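Work through the following exercises with the sequence and the model in view, and try each task before reading its solution.

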Amino acid sequence: MKSSKFGLNTICTHVGETPDEQFKGATSPIYLSTSYEFMDVDIKRYPRYFNTPNQEYLSKKIAALEHTEAAMIFGSGMAAVSTTLLAFLKSGDHVVVQNDIYGGTRNLVNSHFKHYNIEFTFTNGLEISDFESCIKSNTKLIYIETPSNPLLKLVDLDAIGKLSKAYNVLTVIDNTFATPVNQNPVDYGIDIVIHSATKYFGGHSDISAGAVAASQTHIDMIWDIAKDLGGSLSDFTVWMLERSLKTLGLRVEAQQKNAKKLAKFLQKHHAVKKVNYPGLKSHPNYALAKQQMRGFGAMLSFDLNQDYNAKDFLNALELIKPTMSLAGIESTMILPSETSHALLSPKERLEQGIGDNLIRFSVGIENYDDIINDIENALAKLSVNALVHEK
Ligand SMILES: *Cc1c(COP(=O)(O)O)cnc(C)c1O
């Protein structure tokens with residue numbers, strides 16, 4: 001099915017269905033076989049060759065969503081990240097990496113690249129000059145993530161696209177937080193788009209997967225090493241991912257509608273010191289967000305003021321779950337200081353603006369009033385505790 005003429009929700013619903021020639025069912029059949037005919041066939045299919053029927057077709061949906069020619073699906077977001085980076089970086093190459101990226105990606109670069117003799121520089125900030133000043137004669141790639149975790153800072157996609165063309169380097173973005181509902185980096189000259197499909201693509205906190213979308217040439221280069229690194233996934237998961245992607249547009253729209261209202265609510269709340277959300281006029285990147293994003297996303301973070309203890313607050317919640325990970329249809333909150341950024345020293349965390357009272361909020365699809373009530377009730381419990389304590 002030609003995808004370019006369709007809107008996002010139609011792509012989500014229809015593009016890249018695995019054909020059911022035999023029974024003409026309304027949904028894709030699952031092909032769980034790990035063994036396919038090899039004689040007289042155009043494609044020798046095998047799960048780790050990333051070309052089983054379900055993988056082949058679902059890749060078309062992801063490519064259509066990200067405005068690229070091709071895509072691949074992996075067993076996790078990190079399998080997509082590591083395979084992509086190792087496809088393009090060789091011994092002696094240098095990579096410029098955005099300062100506040102996903103913890104797993106940061107660890108991959110920090111702990112392992114030296115063993116492959118791959119040089120790297122983390123930027124000091126997120127301005128274009130911060131990226132440009134890191135570029136060296138052997139720089140092959142710039143790696144970005146916008147909005148970032150957990151402070152929801154933005155990188156200017158158009159400027160990064162232009163910078164990479166000027167220096168003839170490849171650009172890779174982790175587009176997990178924005179999703180193609182809000183942002184298509186390829187339209188700004190970014191070359192390769194990565195997703196942790198464990199997050200919004202999956203959306204129900206029940207599958208682990210990753211995805212890469214790019215030109216056919218770049219996907220071919222990634223495939224060449226991917227089949228040997230082996231980060232493939234079960235076709236059952238591929239099918240679950242297809243089922244999930246059908247509602248990507250609806251879910252993200254509902255989640256970010258709640259998030260925008262919640263960001264405004266929290267900003268006015270006496271218990272809250274600061275809210276980080278690109279859809280707030282007070283956000284330093286608000287203008288940039290309006291320029292490059294269609295919506296502002298459903299992730300936000302906020303600092304409780306010092307009268308409250310963030311851990312106690314999370315324990316007092318009843319509806320919102322204090323669970324790891326993000327982007328499910330259920331609202332969840334975590335403390336970055338105890339999870340994603342636990343390996344940093346308190347000083348490093350403070351330098352990045354990640355205090356012990358910072359809470360990252362992955363907003364779900366629940367009724368807005370119920371989310372508000374849960375937050376108010378939890379804060380009220382803490383206030384009562386504080387009073388009892390004083391007596
Ligand atoms: C979770 C996440 C990843 C890693 O994905 P996994 O599926 O856990 O391997 C990468 N980038 C971002 C922004 C994430 O949130």
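**Exercise 1.** Find which residues make the nonpolar surface patch of about 270 Å².

*Solution.* The patch is made by I30, L32 and F236. Its members must have over 30% relative accessible area and no salt bridge, and nonpolar side chains (Val, Leu, Ile, Met, Phe, Trp, Tyr) are joined within 5 Å; a salt bridge is a side-chain nitrogen of Lys or Arg within 4 Å of a carboxyl oxygen of Asp or Glu. Areas come from the Shrake-Rupley method with a 1.4 Å probe, and for residues only the protein chains shown count as cover. I30 is partly exposed, at 32% relative accessibility, where buried means under 20%, exposed over 50%, and partly exposed in between.

The model is predicted: local features need pLDDT of at least 70, side-chain atom pairs count only at pLDDT 80 or more, and totals for chains, interfaces and linings use all residues. Residues are numbered from 1 along each chain as its sequence is written, and side-chain values use heavy atoms, with hydrogens and water left out.

**Exercise 2.** Determine which helix gives the largest share of the positive patch.

*Solution.* The positive surface patch is formed by K260, K264, K268, K281 and K290, with like charges joined within 9 Å and the place of a Lys charge taken as NZ. Helix 10 (residues 248-268) supplies the largest share, three residues. K264 lies in helix 10 and is partly exposed, with a relative accessible area of 41%.

Terms used
Lys, Arg positive; Asp, Glu negative; His and termini not counted. Helix = DSSP H or I, 4+ residues; strand = E, 2+ residues; numbered from the N terminus. Buried < 20%, exposed > 50% of the residue type's maximum accessible area, 1.4 Å probe, protein only.
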